[in-house]
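Hi,

Here is the structure I promised to pass on.

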Amino acid sequence: MQKRPCLADLAIAAGPAERRRSVAVTLGNVTVGGDHPIVVQSMTNTDTADIDSTVKQIAALVRAGSELVRITVDREEAAAAVPTIRDRLAAAGIDVPIIGDFHYIGHKLLAEYPGCAEALAKYRINPGNVGFRNKRVSQFDAIIETALKHDKPVRIGVNWGSLDQELLTLLMDDNGRAERPISATAVMREAMVRSALLSAARAEELGMGRDKIILSAKVSDVQQLIAVYRMLGARCDYALHLGLTEAGMSSKGLIASSAAMGILLQEGIGDTIRYSLTPEPGGDRTLEVKACQELLQTMGFRQFLPIVSACPGCGRTTSSLFQELARDIQKHINERMPAWREAYPGVESMAVAVMGCVVNGPGESKHADIGISLPGTGEHPAAPVFIDGEKATTLRGPNLAADFTALVEDYVARRYGAEAQRQNDAA
């Protein structure tokens, strides 16, 4: 008879795998890789030559929490605008590393516009279109040499939409002659990884240190992205930029990116992330920043702002009161965070619960730092409030939402204000 397993045999360790050890890369006031937190980044979709629009969008992305911002540098007018963009941001008190995204003529733009080369914090190079045939190596080398001259790191970013066709053809031919050929898709994955690694090796031959190189290998298919980054992560210790390229719009882009990056981050792969979301026409570009933050916070890697837990609702919660209160509390927190972050260190770790009935309401509220259990259908019109696991008061009446908001404000001031005072005393 098979032995019944004990609880210890069935225990599974919670939490992510040990993070892959990568070489840290510093860009201005931000460090990617090593033991540093996973970095949130984004990219503008303005015409970089339109200085006003680009500065405005970068400022919005930074306010939303983007720690790195990439801009397109595709022609002379864009390159000429970069120093002014940098200076305008600095004058506004916005200190964020700006990354230049170069394709096809990056070597030419960086050489002819040294002010652009100096103003950027990093250059993004695509090995698939840095140059073609006999110009590929010389033009790649020219960008690396400019980066060395200005002491700038680079991201070597391979993309399956612009993969090095010569390398891919070579690998396909080799595979066709192999005794046990692999699938064309597997060859493509190998071509992506090899393109990134060969390019990084060339950069090192030219004198670039490993602490100046970040790699990426982006595809738009979830399973392929996971496979490619597992391969890349196992074969190098360069810092890795993670993201599903051309993720798509709305929920499709959010779900696909979260699924792919969530698995890789759980496995300890990835040092900086971006959601490449297609915005709605006239939509909010900062959504991709918020998505990055929510993924990292939901998975427990970083804390950006207090979490509001709320139940989904059911037949016991026919009133919309708990939905309205959850929305209003989240809005209040978002609006207050800039001031709270300055005055109350640690407030981003606060957990708030807004629950809709007696089934899970009290229990969930006790697990939160501060929580409220609203009455469900047929329940007594009373809402107990729990603070630090203990029932603190009961709210009733038409001012219930305002009263709970005031309790949240008071809790923040008391708990995190005391921490601020302790830090000041210690200083």
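Lys-122 is part of strand S6, which covers residues 122–125. Please keep in mind that this is a predicted model. Lys-122 is buried but makes no salt bridge; Asp-101, the nearest side chain of opposite charge, lies 9.0 Å away. Leaving aside residues up to four places away in sequence, Lys-122 is in contact with Leu-27, Ile-98, Ile-99, Gly-100, Pro-153, Val-154, Arg-155 and Ile-214.

Strand S6 comes up again at the largest cavity, where S6 and helix H4 (106–112) each contribute at least two lining residues. The volume of this cavity is about 50 Å³, and the structure has one cavity of 30 Å³ or more. Among the residues lining the largest cavity are Phe-102, Tyr-104, His-107, Arg-124 and Ile-125. The lining consists of six nonpolar, five polar and one charged residues.

The largest pocket holds about 850 Å³ of space. It is lined by 23 residues, and Ala-64, Gln-293, Phe-304, Leu-305 and Arg-341 are the closest to its centre. Helix H12 (321–343) is one of the elements that supply at least two lining residues each, and H12 gives the largest share, six residues. By class, this lining has nine nonpolar, seven polar and seven charged residues.

The second largest pocket has a volume of about 310 Å³. Of its 17 lining residues, Arg-70, Asn-159, Thr-245, Glu-246 and Arg-274 are the closest to the centre. Here the classes are two nonpolar, seven polar and eight charged.

Best wishes

Notes:
Residues are numbered from 1 along each chain as its sequence is written. This is a predicted model: local features need pLDDT of at least 70, side-chain atom pairs count only at pLDDT 80 or more; totals for chains, interfaces and linings use all residues. Side-chain values use heavy atoms; hydrogens and water are left out. Helices (H or I, at least four residues) and strands (E, at least two) are DSSP runs, numbered from the N terminus. Buried means under 20% relative accessible area, exposed over 50%, partly exposed in between (1.4 Å probe, protein chains only). Lys and Arg count as positive and Asp and Glu as negative; His and the chain ends are not counted. A salt bridge is a side-chain nitrogen of Lys or Arg within 4 Å of a carboxyl oxygen of Asp or Glu. Contact means heavy atoms within 4.5 Å. On a 1 Å grid over the protein atoms alone, a cavity is a set of points where a 1.4 Å probe fits but cannot get out, and a pocket is an open set with protein on both sides within 12 Å along at least five of seven lines; lining residues have an atom within 4 Å of a point. Grid points are joined across faces, edges and corners, and a volume is the space filled by probe spheres set on the points. Ala, Val, Leu, Ile, Met, Phe, Trp, Tyr, Cys and Pro count as nonpolar, Asp, Glu, Lys and Arg as charged, and the others, Gly among them, as polar.
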